[in-house]
Amino acid sequence: MRTVDSDDEPEECRKVIAQLYEFLDSELTDDRRERVREHLDHCGSCLEAFEFEAELRAVIVSHSKEQVPPSLMHKLALLIEEEDRLAPNGSSE
């Protein structure tokens with residue numbers, strides 16, 4: 001995988017690689033998103049990095065949809081309630 005700070009990469013490639021997560025999350029402005037898309041359409045190495053990140057994200061999402069056992073959810077709820085009960089009210093620590 002390419003690094004963002006490689007001295008031999010063109011500046012636009014560094015910008016695109018640095019913004020891949022924002023691009024995948026649709027967090028870029030419409031203008032910037034279009035410029036990234038155009039760059040990916042013409043730059044094979046950046047497109048390869050994008051495809052890797054998109055595939056990795058898809059794998060992570062598919063694995064995160066596994067069902068959490070009800071007993072674990074119950075234990076977590078109890079722990080959260082306990083934490084809320086023990087937290088000092090109005091404390092600004």
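These legends describe close-up views of a predicted model.

**View 1. Helix α3 and its span.**
Helix α3 covers residues 30–42. The helix has 13 residues. From its first C-alpha to its last, α3 reaches 19 Å. That is close to the 18 Å expected at 1.5 Å a residue.

**View 2. The buried side of α3.**
Four names make up the buried set of α3: Arg32, Val36, His39 and Leu40. They sit on the same side of the helix because they cover an arc of only 100 degrees around the axis. These buried residues pack against three helices: α1 (11–18), α2 (20–24) and α4 (44–64).

**View 3. The opposite face of α3.**
Turn to the face of α3 that points away from the buried side. Exposed residues are found there: Asp30, Asp41 and His42. Asp41 has a relative accessible area of 52%, so it counts as exposed, the cut-off being over 50%.

**View 4. Salt bridge between Arg35 and Asp31.**
The side chains of Arg35 and Asp31 meet in a salt bridge, at 3.2 Å from N to O. Both residues lie in helix α3. They are 4 residues apart, about one turn of the helix. Arg35 is partly exposed, at 42% relative accessibility. Asp31 is also partly exposed, at 49%. The value for Asp31 does not pass the cut-off for exposed, which is over 50%, so the residue stays in the partly exposed class.

**View 5. Salt bridge between Asp41 and Arg37.**
Asp41 pairs with Arg37 in a salt bridge. The closest N and O atoms are 3.7 Å apart. This falls within the 4 Å limit for a salt bridge, so the pair counts. Asp41 and Arg37 both belong to α3, 4 residues apart, about one turn of the helix. Arg37 is partly exposed, with 30% relative accessibility, whereas Asp41 is exposed.

**View 6. Salt bridge between Arg57 and Asp25.**
Side chains of opposite charge can pair when their charged atoms come close. Here Arg57 and Asp25 form a salt bridge, at 2.2 Å from N to O. The pair links distant parts of the chain, 32 residues apart. Arg57 is in helix α4. Asp25 is in the loop between α2 and α3. Both ends are partly exposed: Arg57 at 25% relative accessibility, Asp25 at 38%. A search of the whole structure finds 6 salt bridges.

**View 7. Glu53, a buried residue of α4.**
Glu53 is found in helix α4. Its relative accessible area is 7%. Buried means under 20%, so Glu53 belongs to that class. Leu24 is 29 residues from Glu53 in sequence. In space, the two are 8.5 Å apart, C-alpha to C-alpha.

**View 8. A nonpolar patch on the surface.**
Five residues form this patch: Val68, Leu72, Met73, Leu76 and Leu79. Together they have about 440 Å² of accessible area. One of them, Leu79, lies in helix α5, residues 70–86. Leu79 has 57% relative accessibility and therefore counts as exposed.

Terms used
Residues numbered from 1 in each chain as written. Predicted model: local features only at pLDDT ≥ 70, side-chain atom pairs only at ≥ 80, totals over all residues. Heavy atoms only, no water. Patch = residues over 30% accessible without salt bridge, like charges linked within 9 Å, V, L, I, M, F, W, Y side chains within 5 Å. Areas by Shrake-Rupley, 256 points an atom, 1.4 Å probe, with all protein chains shown as cover. Helix = DSSP H or I, 4+ residues; strand = E, 2+ residues; numbered from the N terminus. Buried < 20%, exposed > 50% of the residue type's maximum accessible area, 1.4 Å probe, protein only. Expected span 1.5 Å × (residues − 1). Arc of directions from axis to C-beta. Contact = heavy atoms within 4.5 Å.
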